[in-house]
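Hi,

Here is the structure I promised to pass on. Have a look, and my notes follow below.

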Amino acid sequence: MTSLDVEALTRLANQILHDSNGEPSPHGAAPSSATPTAARAYVPASLPDSPAPGHQLPGDLSTPSFFDEVGATGHQGFYFAPAAPELRTASSSTQPDFDVHAVRREFPILAERVHGKPLVWLDNAATTQKPRVVIDRLTEFYEHENSNVHRGAHTLAARSTDAYEGARASVARFLGAQPSEIVWTRGTTEAINLVAQTWGRANIGRGDEIVVTHLEHHANIVPWKLLADEVGARLRVVPVDDVGQVRLDALPALLCERTKLIAVAQVSNALGTVVPVEAFVAAARSVGAKVLIDGAQSVAHLAVDVTALDADFFVFSGHKIFGPTGIGALYAKSEILDAIPPWQGGGNMIRDVTFDSVQYADPPTRFEAGTGNIADAVGLGAGLDWLSALGLPAVAAYEHGLLEYATSGMESVPGLRIIGTAPNKASVLSFDLAGQDPVEVGKALDREGIAVRAGHHCAQPILRRYGYEATVRASLALYNTHAEIDHFVSVLHRIARRR
């Protein structure tokens with residue numbers, strides 16, 4: 001076994017977070033030479049009892065640092081955007097400033113009213129709303145292209161196949177992969193189960209070990225526990241610290257020659273912690289293990305390049321990145337897909353069938369038995385192309401400021417505790433309001449038109465790490481505004497006073 005040195009791993013993590021030579025890491029933070037800026041304070045445009053009108057993004061987002069220094073409000077800033085040079089480019093004169101109001105006009109549902117109040121959608125970690133381009137693309141497909149794909153000898157079959165495979169190419173471009181490395185699935189959960197039941201069954205046996213972190217969603221725990229129980233393997237868990245950061249110093253002791261897989265979320269759905277997955281990839285390579293990255297919560301906020309990451313598997317769901325529900329994708333390296341058996345049998349995934357033998361199709365078709373979710377795959381492709389054209393660096397810069405603003409505002413609410421305050425964090429704000437049941441808080445917010453999630457967020461282990469069975473979770477996206485946050489914080493103040 002190749003030994004994994006704790007100091008070397010720590011240096012790698014630090015390099016990812018603060019590239020010492022001033023050049024941005026492929027997926028890291030701003031270089032250490034960036035000038036620190038104070039966290040932008042929450043300054044509502046009116047008193048908490050009344051919703052405030054919209055106002056401009058506080059502070060200058062053109063040169064963010066990786067860790068914002070503690071500002072006047074006493075809270076740390078958060079960073080989850082691409083490297084600082086990209087952000088400077090995104091906000092320079094060569095590109096227009098991010099226009100959230102123009103973006104909002106792309107989402108018809110944001111004009112909806114709930115209980116007579118304007119909808120404030122803060123449940124984006126559960127599902128995002130859909131832009132007009134996705135809705136229109138679904139309509140266009142059903143009106144002009146609807147057919148099963150492949151093998152059809154008629155015009156609509158050709159149109160449908162072109163659209164379906166074109167969408168696969170869009171996913172590949174978005175992830176920095178090849179179309180042959182993209183397998184359509186129903187979403188992240190099915191993609192992880194696919195890996196567990198194909199590669200996992202073929203490569204993990206009695207006495208082997210699977211490493212996960214304490215942050216994982218149930219979808220990145222349960223499939224591995226099922227497999228481990230069946231074959232006699234075991235799960236090893238990387239702990240987190242009190243603010244929600246993964247304990248990289250604990251990782252080396254969890255790895256050995258029996259480690260076959262590290263399965264890790266790039267962003268926690270419950271806390272918003274951004275995990276330095278590059279460190280996990282390097283650690284896995286030291287013991288000959290593979291790495292699966294759960295990108296369900298990262299792809300809408302971070303630029304992802306699976307080739308640069310050297311990920312063996314990467315999974316995500318379309319509905320969390322402005323695409324339709326019931327569609328997602330698995331990326332796997334070509335050599336891995338070529339080597340593993342199919343998961344489900346049926347039409348489309350075969351080359352030849354007799355009663356004595358079956359010859360399977362090449363990947364990715366080998367893993368796509370039956371009629372796929374064609375229309376929603378096409379819709380997802382349209383959504384990814386739309387987001388790419390909008391520009392993830394500009395989106396990330398805007399969301400970075402939005403998260404800081406919301407964090408500062410929530411800290412002004414008496415009795416409110418934010419769960420998960422890692423310095424490197426994406427747009428998730430999980431919280432407890434002292435003396436209040438999370439579900440009742442969620443209902444009270446709903447009566448004001450504000451949609452949040454209340455419960456365990458399919459991440460019970462990490463909530464229990466902090467002594468909770470449930471929290472309220474507000475999660476942000478590119479179409480949320482400072483005025484919506486003002487309204488949200490105002491309502492929280494009223495709920496807190498009713499305690």
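Contact here means heavy atoms within 4.5 Å. This is a predicted model, with local features needing pLDDT of at least 70 and side-chain atom pairs counting only at pLDDT 80 or more, while totals for chains, interfaces and linings use all residues. Residues are numbered from 1 along each chain as its sequence is written, and side-chain values use heavy atoms, leaving out hydrogens and water.

First, H457. Setting aside neighbours within four places in sequence, H457 touches H217, N269, S430, L463, T471, V472 and R473. H457 sits in the loop between β16 (453-455) and α14 (460-465); helices (H or I, at least four residues) and strands (E, at least two) are DSSP runs, numbered from the N terminus. Its relative accessibility is 7%, so H457 counts as buried (under 20% relative accessible area, 1.4 Å probe, protein chains only).

Next, the cores. A nonpolar core is a set of buried Ala, Val, Leu, Ile, Met, Phe, Trp, Tyr and Cys residues joined through side-chain atoms within 4.5 Å. The largest one has 75 residues, and L175, F316, I321 and F322 have the most contacts inside it. Helix α11 (residues 374-390) gives the most to this core, with 8 residues. A second, separate core of 30 residues includes L402, V413, F431 and I485.

Where do α12 and α15 make their contact? On α12 the residues are Y398, G401, L402, Y405, A406, G409 and M410, and on α15 they are H482, I485, D486, F488, V489 and L492.

Cheers

Notes: Buried < 20%, exposed > 50% of the residue type's maximum accessible area, 1.4 Å probe, protein only.
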